[in-house]
Amino acid sequence: MKAKKPVKLIDLVGEIEMQIDDTFTYINSATGEVFMLTREEIGAAEDEKPLEKFPEWQRENIAKAIQILEDEDGIYIDFTLRNDFNEYELMEDFIGALEDEKIREKLFVDIQGRGAFRRFKDNIIEHGVDKQWYDYKERKIKELVIEWCKGHDIEIQH
């Protein structure tokens with residue numbers, strides 16, 4: 001089903017950057033809205049638990065989860081790309097693309113073992129390539145999102 005309303009690219013990119021475990025992202029193709037639900041909220045909808053048992057702030061999401069479960073028109077599209085985006089692999093690709101061999105070698109060593117993400121972030125700042133990293137990461141996420149949207153016939157608003 002082609003989205004009736006375009007989806008904002010920035011909303012989709014933001015969802016990928018957040019990547020919280022036990023959450024799922026959906027697109028309402030009728031409105032272009034992008035939203036996240038927790039496993040608990042989806043479970044509550046599946047178990048048909050009364051909304052009154054949940055805090056006010058969570059009821060709206062459970063109501064959305066119910067709508068997704070009852071969606072026969074294909075309005076809601078699952079945009080949970082957790083398995084399609086791997087930040088560690090992206091770090092490796094970025095490091096491999098750096099021109100300075102000494103920085104490349106240092107960063108490759110830094111991303112081995114526990115604490116790899118913290119050491120990587122500390123050292124890209126130390127070596128002055130942090131802006132390059134964030135630009136690279138954003139470009140790659142946008143490419144992933146645009147390609148996914150093309151494959152799902154979803155119009156993007158830039």
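User: Which residues of helix H5 are buried, and what covers them?

Analyst: Please keep in mind that this is a predicted model. Helix H5 spans residues 101-110, and within this stretch Ile 103, Leu 107 and Asp 110 are buried. When one looks down the axis of H5, these buried residues fall within an arc of 55°, so they line one face of the helix. Among the elements that cover the buried residues of H5 are helix H4 (87-97) and helix H6 (116-126). On the face of H5 that is turned away from the buried side, one finds the exposed residues Lys 102 and Val 109.

Three strands form an open sheet in the order E3-E2-E4, with antiparallel pairing. Strand E3 (33-38) and strand E4 (76-78) stand at its edges, and because each has a single partner strand, one side of each is left without a neighbour in the sheet. From one strand to the next, the twist averages 35°. Strand E2 (residues 23-28) runs antiparallel to E3 and is joined to that strand by 6 bridges, and Asn 28 stands opposite Glu 33 in E3. Helix H1 (residues 9-18) packs on this sheet, where H1 touches E2 and E3, and the direction of H1 makes about 20° with that of E3.

Two loop residues deserve a careful look at the backbone. Most residues other than glycine have a negative phi. Glu 48, however, has a positive phi, near 55°, and is placed in the loop between helix H2 (39-46) and helix H3 (56-69). With a relative accessibility of 71%, Glu 48 counts as exposed. Asp 153 likewise has a positive phi near 55°, and its place is in the loop between helix H7 (130-151) and strand E5 (156-157). Asp 153 is partly exposed, at a relative accessible area of 41%.

Finally, Ala 63 lies in helix H3 and is partly exposed, with a relative accessible area of 29%. Its C-alpha atom is separated by 9.6 Å from that of Ala 44, a residue 19 residues apart from Ala 63 along the chain.

Technical notes
Residues are numbered from 1 along each chain as its sequence is written. This is a predicted model: local features need pLDDT of at least 70, side-chain atom pairs count only at pLDDT 80 or more; totals for chains, interfaces and linings use all residues. Side-chain values use heavy atoms; hydrogens and water are left out. Helices (H or I, at least four residues) and strands (E, at least two) are DSSP runs, numbered from the N terminus. Buried means under 20% relative accessible area, exposed over 50%, partly exposed in between (1.4 Å probe, protein chains only). The arc is that of the directions from the helix axis to the C-beta atoms. Contact means heavy atoms within 4.5 Å. Two strands pair if DSSP finds at least two bridges between them. Axes are lines fitted to C-alpha atoms, for helices over the stretch in contact, and angles run from 0 to 180 degrees between N-to-C directions.
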